[in-house]
Amino acid sequence: MAHLLSAERIRLAHPNRVIFDGISLGIDDGDRIGVVGRNGDGKSTLLRLLAGTLAPDDGRVTHRGGLRVGMLDQRDVLDHEGTVGATIVGDREEHEWAGDARIREIVAGLAGDVPWDATIASLSGGQRRRVALARLLAGDWDVLLLDEPTNHLDVQGIAWLADHLVRRLGSGRGALAVVTHDRWFLDAVCTDTWEVHDGIVEPFEGGYAAYILQRVERDRVSRVTEAKRQSLMKKELAWLRRGAPARTAKPKFRIDAATQLIEDVPEPRDRIALAQLAVTRLGKDVVDLQDVSVSFGDRDVLDDITWLIAPGERTGILGRNGAGKSTLLQLISGELAPTSGRVKRGVTVKVAQLSQELAELQDVEHEPVRTVVGRLRSSYGSGGEEMTPGQLLERLGFQSDELSTPIRDLSGGQRRRLQLLLIILDEPNVLILDEPTNDLDTDMLAALEDLLDSWAGCLIVVSHDRYLIERVTDQQRAVVDGRLQHLPGGVDEYLRIEAEAASQRGRAATPMDAQGAAPTRERISGAERRQLELEVRSLERRVQKATEQRERLLADFAVVDQSDYDRLLSMQRELGEVEERLAELEEAWLEAADRLEG
């Protein structure tokens, strides 16, 4: 395997601290390396050193002769006067780049919704980021260095990028190093992981799941990691080994010792106990959306949505940018009234939302962390455990000397964690998280998930972070074409639905087939159409009925006597039967609807 670049005894220091101290590493053909570590420990700096855009204080970085290195930097380096088309494909004629299947795929995957002739200056920050990524991927590089490439991509975009990179580097030619906090992406793409910490770069085999396994084993053997972090990693490992979807990057080492660590570790959440606590705090009525529609002028955003949110429900909301997810959240929180239909809230419901704007901190920027937190309450109960605000701050990664820091001097990740803490200390019973992963590294995401495991209210999460959605919620729903659809198959089912919709849009946009004739579609008679319409409506009613039955069963779990094991077992079997029937009904509905559209 060809060696592409290497770093030898690299040292880099700022006036107040050492970033790297004598590190040596290399990248070979076929390597797909994920770079992880705490914010501020030097991940982005490492990529710039490897790219040659930053010189070390000591040591050297060497490239193989003629090596082509392409880097996606977090900084905006695009020419704001240039057009989108010229930025991505340069001065190539349209017939030249359009004849390249790889370029067409990149443009469609990343910039399909961006006006081709628009100037870069006219684009949003997210659009500029996607154009910059498309420009990089359109080039021919031996080594790709990507710094947070999943920022501003939705779930479909992240899945597309992972598939593109795996296929691009699947032949073993070329290499990749990527800094990202998206743990699903790390597992889907990477074959190796570098952890940047304490001035060193520590290598691990495999993607994120394999990295966690090795960290737990490393900590077990060395016994140098504090008890809190060890416990947290064991909990994370337990979920990865038991509940996570199959991972693509398999560990290539013995994991028997690490596996023994989780034999007595319970599931991350006690769902029945949390549901019981939620009923105590909320009662049986939370928020009911009944036949709700929302329109803005002539634009219909949400159409005929019915969703009865159960006590203790933990739901992830998926959907394309602009699909109506934020509108749905506003209906739940009471910020928006529906155009038609009814929203009913329980009398004890107290909704709080972790927004993307950090609005809670704007009026207290000059105050220290300790003062702001101390105004709320002196203790907080979490899963039967009483904690002081200081203990909660420590759990979310704050050091004792940071408690006196003015909020204006906190980093983005610290402000994000403090925002969540202030909301939790206010003790709402319905918590809405809108893109909560912004500015958080993988360790802090694990700490956030650990805190949410003991959350005893309703949890509604909107995020492009697939790992987080699968980790902290028990079910997923998607906003597709204005309708709210339950996803028994989770994120994979949502991606399949979106892929089918994109394929249909593509077919509709191609009026002629390869022979130049209009493509034919199987026609159905008027009687057959009426019969199908009746079948679709019948299936919709049966799906709704089964969904409501499932939600009632979940609510009953919270109030049943926990010592009545026979009753619990019977209810569990009934729930399994209802979920299986619901999946069959939804599949039948999809097939009938597809025939009707055909």
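## Salt bridges across the chain

The structure holds 20 salt bridges, each being a side-chain nitrogen of Lys or Arg within 4 Å of a carboxyl oxygen of Asp or Glu. This is a predicted model, in which local features need pLDDT of at least 70 and side-chain atom pairs count only at pLDDT 80 or more, while totals for chains, interfaces and linings use all residues. Residues are numbered from 1 along each chain as its sequence is written, and side-chain values use heavy atoms, with hydrogens and water left out.

One of the salt bridges pairs Glu8 with Arg60, whose closest N and O atoms are 3.4 Å apart. This pair links distant parts of the chain, since Glu8 sits in strand β1 (residues 3-14) and Arg60 in strand β4 (residues 58-63), 52 residues apart; helices (H or I, at least four residues) and strands (E, at least two) are DSSP runs, numbered from the N terminus. Glu8 has a relative accessible area of 23% and is partly exposed, where buried means under 20%, exposed over 50% and partly exposed in between (1.4 Å probe, protein chains only).

Arg167 and Asp163 form a salt bridge in which the closest N and O atoms are 2.8 Å apart, and both residues belong to helix α6 (residues 155-169), four residues apart, or about one turn of the helix. Arg167 is partly exposed at 45% relative accessibility, and Asp163 is likewise partly exposed at 39%.

Arg471 and Asp453 also meet through their side chains in a salt bridge, at 2.9 Å from N to O. Arg471 lies in helix α17 (residues 466-472) and Asp453 in the loop between α16 (442-452) and β18 (458-462), so this pair ties together parts that are 18 residues apart in sequence. Arg471 counts as buried at 1% relative accessibility, and Asp453 counts as buried at 5%.

Helix α16 is largely enclosed by the rest of the structure, because 11 of its 11 residues are buried; among them are Asp443, Glu449 and Asp450. The N-terminal end of α16 is capped by Asp441, which places a side-chain oxygen 3.2 Å from the backbone nitrogen of Asp443.

His486, in strand β20 (residues 483-487), counts as buried at 9% relative accessibility. The side chains of His486 and Gln475 are joined by a polar contact of 3.2 Å, a term for a pair of N or O atoms within 3.5 Å, where within protein one must be able to donate a hydrogen and the other to accept it, and residues adjacent in sequence count only if both atoms are side-chain atoms.

## Charged patches on the surface

A patch of positive charge on the surface gathers Arg542, Lys545, Arg552 and Arg581; patches are made of residues with over 30% relative accessible area and no salt bridge, with like charges joined within 9 Å and nonpolar side chains (Val, Leu, Ile, Met, Phe, Trp, Tyr) within 5 Å. Helix α19 (residues 526-557) gives the largest share of the positive patch, three residues. Arg581 is found in helix α20 (residues 565-597) and is partly exposed, with a relative accessible area of 35%.

A negative surface patch is formed by Glu577, Glu580, Glu584, Glu587 and Glu591. Glu591 lies in helix α20, where its relative accessible area of 43% makes this residue partly exposed.

Methods:
Accessible areas come from the Shrake-Rupley method with a 1.4 Å probe; for residues, only the protein chains shown count as cover. Lys and Arg count as positive and Asp and Glu as negative; His and the chain ends are not counted. The place of a charge is taken as NZ of Lys, CZ of Arg, CG of Asp or CD of Glu.
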